[in-house]
Amino acid sequence: MKLQRMNRRALALGALAVTGALALTACGSDETGGDNGGDASATAQAGNIDCGDAKGQLQASGSSAQKNAIDAWVKQYTAACKDVQINYNPTGSGAGITAFTQGQTAFAGSDSALKPDEVEASKKVCTDGQGIDLPMVGGPIAVGFNVPGVDTLTLDASTLAKIFDNKITKWNDPAIAKLNSGADLPDLKIQAFHRSDESGTTDNFTKYLKAAAPKDWKYEPGKSWEAEGGQSAQGSSGVAQQVKQTNGAISYFELSYAADGIKTVDIKTEATEPVKATIENATAAIGAAKVVGTGKDLALELDYTPSAEGAYPIVLVTYEIVCDKGNKADTLPATKSFLNYVASEDGQAQLADAGYAPMPTEIITKVRETIAGLS
């Protein structure tokens, strides 16, 4: 295990230097504490963190997809900056943005870039400024399933769209059987679960369905689930738990939620072979992301229909959302100090041990420049 962790750290550092890689899995516990663990890595990292004038409590909330990354960053950061307490609440992207635009938090985490109305709302709390998107991590949205007797399952966008729109209701449906020749598919009802809360994961999953199966997915993408039917649960942890305990279940969540024995769907794309949900395969798809934000905003445009071999198509990027100008004076030093560490080489290198991969060099360089100019 120790050797694997060392190899993952080496891969992360190499990615920072030579690749435009992105990848992501996701969340864990409900609170981020200041437990530094006393380990040697925390001590080593602490020496490279600039605390500046940072002090006090920093409140933040939003995306559950980045929760394990936040945990890793906070552990290292608070080992150096002992006068700062960071409290991150993984309430979901929609709730995080709402809390930010209402002035309740210093920054928000979101798996979707700010919408125009959200930018407008942010101007009420960002004096002479507005909320901007700072991409920090990205990666695969896995589709987990629980079908007794089936260990490997391949689905395409059209079939997934019909499953989540209640048009395919049995696991032995001919459309599923056609994609899984030789599989012993049971005559079992499909239990499709979606998020009950507003979620950037839902937004990105439905963007994939709309982009890859427009004839079969008639709903507009968004943080709220629009399709009829199916069942719902709160948060990625909630839908993952339903998949784990419900025969016939299927749902979508960040890859780390599949670590506890949940099987994931291989996605059929235009490539020769179906693509597995892995960090490396998501990297192949997300590496083509382009900055489409204006001014200091660094929102990215993702490719949900990659055709390259081994490019996993269902992906997301998680942003830290902060005011470009008009941040609260009492939290600005801690916000800049923490985000500077998060975007630093050391901060990005922490992602490997937390199950993530660093942002592309060309993107994270722009993020660092933007953080330096926050006021």
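For these notes I count Ala, Val, Leu, Ile, Met, Phe, Trp, Tyr, Cys and Pro as nonpolar, Asp, Glu, Lys and Arg as charged, and the others, Gly among them, as polar. The model I am reading is predicted.

**Entry 1, cavities.** The largest cavity holds about 110 Å³ of space, and its lining divides into five nonpolar, six polar and one charged residues. Among the residues that line it I noted Phe100, Val125, Cys323, Asn327, Lys328 and Leu332. The second largest cavity has a volume of about 30 Å³, and I listed Ile286, Gly287, Ala289, Leu300, Pro360, Glu362 and Ile363 around it; by class, that lining has five nonpolar, one polar and one charged residues.

Searching the whole structure, I found 11 aromatic pairs.

I then turned to Trp225 and Tyr252, which are stacked, at 5.8 Å centre to centre and with 20 degrees between the planes. Trp225 lies in the loop between helix H8 and strand S7, whereas Tyr252 belongs to strand S8, so the pair ties together parts that are 27 residues apart in sequence. I recorded Trp225 as buried at 13% relative accessibility, and Tyr252 as buried with a relative accessible area of 1%. Ring pairs also link Trp225 and Tyr252 into a cluster that includes Phe164, Phe205, Trp217 and Tyr219.

Note on methods. Residues are numbered from 1 along each chain as its sequence is written. This is a predicted model: local features need pLDDT of at least 70, side-chain atom pairs count only at pLDDT 80 or more; totals for chains, interfaces and linings use all residues. Side-chain values use heavy atoms; hydrogens and water are left out. On a 1 Å grid over the protein atoms alone, a cavity is a set of points where a 1.4 Å probe fits but cannot get out, and a pocket is an open set with protein on both sides within 12 Å along at least five of seven lines; lining residues have an atom within 4 Å of a point. Grid points are joined across faces, edges and corners, and a volume is the space filled by probe spheres set on the points. Rings of Phe, Tyr and Trp (its six-membered ring) pair if their centres lie within 6.5 Å; planes under 30 degrees apart count as stacked, over 60 as edge-to-face and the rest as tilted. Helices (H or I, at least four residues) and strands (E, at least two) are DSSP runs, numbered from the N terminus. Buried means under 20% relative accessible area, exposed over 50%, partly exposed in between (1.4 Å probe, protein chains only).
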